[in-house]
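Colleague: Could you take me through the aromatic pairs in this model, and then through whatever else about its rings and helices can be read from the coordinates? I would like one connected account, with the cut-offs stated as you go.

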Amino acid sequence: MWAYESVFYQIYPLGFCGAPFENDGVCVNRISKVIDWIPHLQRLNVNAVYFSPVFESDTHGYNTRDYTRIDSRLGTNKDFKKVCDALHKAGIKVVLDGVFNHVGRGFPQFKDVCERRENSPYIDWFARIAFDGNSPYNDGLWYEGWEGNYDLVKLNLRNGEVISYLLNAVGGWIDEFGIDGIRLDVAYCLDREFLRRLREFCDSKKDDFFLLGEVLHGEYGRMLNEMHIHSLTNYQCYKGLYSAFNSSNMFEIIHSLLRLFGPEDWTVARGAHLLSFADNHDVPRIATILNDKNQLKALYALLFGMPGIPIVYYGSEWGIEGSKNADDTELRPCLSRPEWNNLSDYIAILADIKKGSNALNYGGFISLHLTNRACVFKREAEGECILVAVNMDANDFFAGFNFGNTIATDLLTGEEITIDGGVNIPGYGARILKLQ
């Protein structure tokens with residue numbers, strides 16, 4: 001699967017392109033801005049882009065009106081096809097957000113229910129409609145909103161017409177834009193039989209089509225099997241990353257990694273390729289939440305070195321900040337142009353190392369050394385052995401472990417070193433050591 005050997009980049013298009021929050025219906029080609037960023041993506045060594053919602057919606061993209069048309073605030077389908085073609089020409093895969101659990105109030109079939117009530121043929125398209133109730137919008141009927149959000153009308157994913165409608169839409173995305181995968185919004189809410197049919201359909205349409213599910217908690221290994229998909233968002237290790245650095249407690253993240261990927265019988269996601277991230281469109285920027293900004297490089301080294309598919313959220317590669325606000329607009333800014341600094345250089349090197357390493361793409365996880373502020377772990381696969389050593393402290397640190405006298409190359413610097421009873425890790429830094 002191509003995704004397991006990739007480094008992803010996330011773009012939230014409505015924010016990135018500076019679209020108005022409310023859908024004003026005015027068609028403006030803003031999405032072509034992505035083409036101007038392709039040289040930046042190539043320099044960063046990413047080879048896949050995940051676009052948050054791009055289809056016609058009421059406001060933030062997750063309240064879909066039309067699954068077949070690009071949001072008019074971003075442009076036309078023809079505009080977006082040019083973007084996808086340009087990305088593919090540059091060797092970059094395209095993954096879109098599939099928001100299948102719910103739709104917006106502007107979805108035509110829901111508007112029909114509100115207008116025609118009991119006479120609408122679309123009543124069963126939605127999870128629950130009660131004509132003897134009312135909604136916060138005073139519709140004269142009640143319906144189920146996703147987690148109490150009534151701008152998100154929950155679909156009935158056991159309705160054959162709804163399933164056919166959604167699968168036909170996905171088929172159109174593949175045929176029209178040549179997309180390579182889908183990120184399933186709130187996958188933990190989706191009907192398992194629908195997911196099985198979606199997987200079967202996508203497999204029939206395109207080889208190596210990637211399905212990623214958004215989940216928060218739970219037993220990731222079991223969920224992967226039940227959902228019939230390839231990957232899940234690793235929120236457990238997202239929290240462990242920033243929390244470990246902020247509390248000087250490397251034990252937290254290493255415990256999570258051992259629980260998920262370690263060598264013991266109780267490992268719950270061994271062999272899985274979960275999506276690893278430091279931030280995204282729903283959570284504070286890592287440069288905001290991290291107490292000591294000097295630790296950013298060490299944190300990213302851990303992110304790229306641990307099992308998983310790393311993804312970088314646009315702008316975070318040069319350390320922009322952002323906190324959550326009422327509509328999350330601060331997390332989803334319009335950026336006029338890409339920037340570059342030492343952090344960007346470092347992430348680009350990490351991305352290049354990760355993509356080219358069997359051990360980092362497919363290896364297991366064995367902890368060799370662990371203190372409050374430093375760790376060393378081993379990744380090994382197909383004859384390649386990599387040691388990842390990370391130090392969150394300002395001072396250099398010698399991490400001792402029983403590994404004998406071995407020659408290795410630090411892939412971050414190209415330096416050849418001897419591992420003799422341990423390894424010296426630079427302050428606020430890391431080593432990624434390939435054993436010779």
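Modeller: Searching the whole structure gives 29 aromatic pairs, a pair being two rings of Phe, Tyr or Trp (its six-membered ring) whose centres lie within 6.5 Å, with planes under 30 degrees apart called stacked, over 60 edge-to-face and the rest tilted. One of them is the stacked pair of phenylalanine 55 and tryptophan 173, with 4.5 Å from centre to centre and 15° between the planes. Because phenylalanine 55 belongs to strand E3 (residues 55-57) and tryptophan 173 to helix H6 (residues 160-177), this pair ties together parts that are 118 residues apart in sequence; helices (H or I, at least four residues) and strands (E, at least two) are DSSP runs numbered from the N terminus.

This is a predicted model, in which local features need pLDDT of at least 70 and side-chain atom pairs count only at pLDDT 80 or more, while totals for chains, interfaces and linings use all residues. Residues are numbered from 1 along each chain as its sequence is written, and side-chain values use heavy atoms, with hydrogens and water left out.

Phenylalanine 55 counts as buried at 5% relative accessibility, and tryptophan 173 counts as buried at 2%, where buried means under 20% relative accessible area, exposed over 50% and partly exposed in between (1.4 Å probe, protein chains only). Tyrosine 143 and tyrosine 150 form an edge-to-face pair, 5.4 Å centre to centre with 75° between the planes, and tyrosine 143 is buried, its relative accessible area being 0%.

Rings also lie under charges here: the charged end of arginine 43 sits over the ring of tryptophan 340, 3.9 Å from its centre, and arginine 332 lies over the face of tyrosine 12, at 4.6 Å from the ring centre. The criterion is that NZ of Lys or CZ of Arg is within 6 Å of the ring centre and within 35 degrees of the ring normal.

Turning to the helices, H12 (residues 296-305) and H13 (residues 342-355) pack at an angle of about 15° with their axes 10 Å apart, the axes being lines fitted to C-alpha atoms over the stretch in contact, with angles from 0 to 180 degrees between N-to-C directions. That makes H12 roughly parallel to H13, a label for angles under 35 degrees, with over 145 roughly antiparallel, 65 to 115 roughly perpendicular and the rest oblique. Residues making the contact (heavy atoms within 4.5 Å) include Tyr300 and Phe304 of H12 and Tyr346 and Leu350 of H13.
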